[in-house]
Amino acid sequence: MHAVDLDPPWDPDAWRRAARLALRAGVPPEALTWNGDTQGGLGFGSDLAALPVVRESPRVSAEFLSLANAVICHRDPQRHGLLYRLLWRIAGGEQALLERATDADVHRARELEKSVRRDNHKMKAFVRFREVPGEANAFVSWFEPQHYIVDRVAPFFARRFAGMRWAILTPYRSAHWDGQVLRLGPGGTRADAPSDDAQEEMWRTYYANIFNPARLNPRMMRQEMPQKYWKLLPEAQLLPDLIRDAGQRVRDMAERMPEAPRRRIPMPPPSSPEPMDDSLAALRAAASQCRRCPLWQPATQTVFGEGPEHARVMIVGEQPGDEEDLSGRPFVGPAGKLFTRAMGALGLDRSTFYITNAVKHFRFEQRGKFRLHRNPELSHVQACRTWLESELASVRPDIVVCLGATAAQAVFGKGFRLMEQRGVWHTLPDGTRAFATVHPSWVLRQKGDAQGVGYANFLEDLRLLQGSETGQGGAADSPA
Ligand code: URA
């Protein structure tokens, strides 16, 4: 009988080294004990290295390695032995073993893998950083993963939040990023992390605003955001009240809808008047009478861009939504709030940007009392191009940021592929630097974990803007 102690027990390399030694020595699974979760024992491989080699190391598929890397993070104390059994059988000639989903070992390994992957997603979605009081740009988060996943997921956070200094503390392990190096160390306690911060209040306000009682599905919500994570999420404190009041709010909304303030533009002239000059004020006045496409008719008003006359950064969205149409201002609804929150998280001030849209009228479909957003068509974007070009010529920003595919195609051309080309600098024909990312409403439409991941990626793209307000940043990342 041989024994292997792995320290730490989630280290895939240590497991692989020991498994290879055992396999080369021809040690069958039943003659090997894996003391995976008792730490500080014999060290990897124990006496295995001294055994005579009776066979060559097998070649294993990438699929097996990927499975093993996940399974080793599970808390099941049997996992090391299970993996070795699979390896032994594959090396013994069952090359297609992993394809046999009904095999008991394969089935169990897949279950463990699934559970670990799910835990990874939860960590990516539910880690909430809190600012360390008195320290600039330093954040700590407390998280309680189900499995040993910190080493596996920490590099994700290092990539996503490369510009911050942060630590993630868990009961068994911690990860620390100082802006350059990722370090992994012992676990901590919840009391080691700051308990609350000002941003959480903002996040709660935001969450309460975007919470749509009409779309509430408590069962789905509990499935996607299991209650055990609620204590880690600032917004979760609001949920019991939001859920309790949802029914009444839906009834109130239904009654209020017909009373929404609508201000219709009086007499339609045939097209749009020419602006008196290229000042933003003149452009705005001329655009308010625009009839270049039919969208003006059902819309309440033109929603022109707003912001400093010579802002360094211009943000281009798709088209106004319901709230923008009613208020006449871009990005004031749920998508705008998410965008503002992202700016805050990156230490950027939205009010220094000029914010506009590729299309200046709200396109919607009336469904009973509701006005449902419809994507603008190419003809609407083309009709509105004159206004976007005039805004670009008047503001002359150094940087243009496109939110979503419609804006990106309006700025870069029809061939632009958002998901392939997002988050990297491009240069427009006049030398202006520009990049695109997803639209904040796309982030809001993602369900469950995907929303947290979508938001993290959105933030990561927008990080290109850091320093751009003062002219110090952004350039470092730009292409030569
Ligand atoms: N979506 C946009 O693209 N623009 C807005 O102004 C609001 C929502």
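The buried residues of helix α5 are covered by several elements, including α4 (104-126), β5 (165-169), β6 (173-177), β7 (182-186) and α16 (449-462). Cover here rests on contact, meaning heavy atoms within 4.5 Å. Helices (H or I, at least four residues) and strands (E, at least two) are DSSP runs, numbered from the N terminus. Helix α5 spans residues 150-160. Its buried residues are V150, V153, A154, F156, F157 and A158. Buried means under 20% relative accessible area, exposed means over 50%, and partly exposed lies in between (1.4 Å probe, protein chains only). An α-helix has 3.6 residues a turn, so residues three or four places apart point the same way.

The model is predicted: local features need pLDDT of at least 70, side-chain atom pairs count only at pLDDT 80 or more, and totals for chains, interfaces and linings use all residues. Residues are numbered from 1 along each chain as its sequence is written, and side-chain values use heavy atoms, with hydrogens and water left out.

The chain has 480 residues, of which 48% count as buried. Its secondary structure comes to 16 helices and 14 strands. Contacts between residues 24 or more positions apart make up 71% of those with a separation of 6 or more. The accessible surface of the chain is about 23100 Å². Carbon and sulfur atoms hold 52% of that surface. Accessible areas come from the Shrake-Rupley method with a 1.4 Å probe; for residues, only the protein chains shown count as cover.

Two strands pair if DSSP finds at least two bridges between them. Axes are lines fitted to C-alpha atoms, for helices over the stretch in contact, and angles run from 0 to 180 degrees between N-to-C directions. Within the sheet, β4 (residues 138-142) and β5 pair in the parallel sense over 5 bridges. In β5, R165 is the bridge partner of A138.

A second open sheet also has mixed pairing. Its 5 strands follow the order β9-β8-β12-β14-β13. Strands β9 and β13 (426-427) are the edge strands, and each pairs on one side only. Helix α12 (residues 378-395) packs on the sheet, touching β8, β9 and β12 (399-403). Its direction makes about 165 degrees with that of β9. Helix α16 lies across β12 and β14, running at about 180 degrees to β14.

Strands β8 (residues 313-317) and β9 run parallel and are joined by 4 bridges. V316 has T356 of β9 as its bridge partner, and G317 has N357. In a regular strand the side chains alternate between the two faces of the sheet. In β9 (residues 354-357), Y354 and T356 point one way, while I355 and N357 point the other way. These four residues are all buried.

T437 belongs to strand β14 (residues 433-437). T437 counts as buried because its relative accessibility is 0%. Its side chain makes a polar contact of 2.7 Å with that of D461. A polar contact is a pair of N or O atoms within 3.5 Å; within protein, one must be able to donate a hydrogen and the other to accept it, and residues adjacent in sequence count only if both atoms are side-chain atoms. Neighbours within four places in sequence aside, the contacts of T437 include C402, L403, L418, F458 and L462.

An oxygen atom of the ligand is 2.7 Å from a polar backbone atom of E318. A ligand nitrogen atom is 2.7 Å from an N or O atom in the side chain of N357. In the side chain of H439, an N or O atom is 2.6 Å from an oxygen atom of the ligand. Taken alone the ligand exposes 240 Å², and the protein buries 94% of that.
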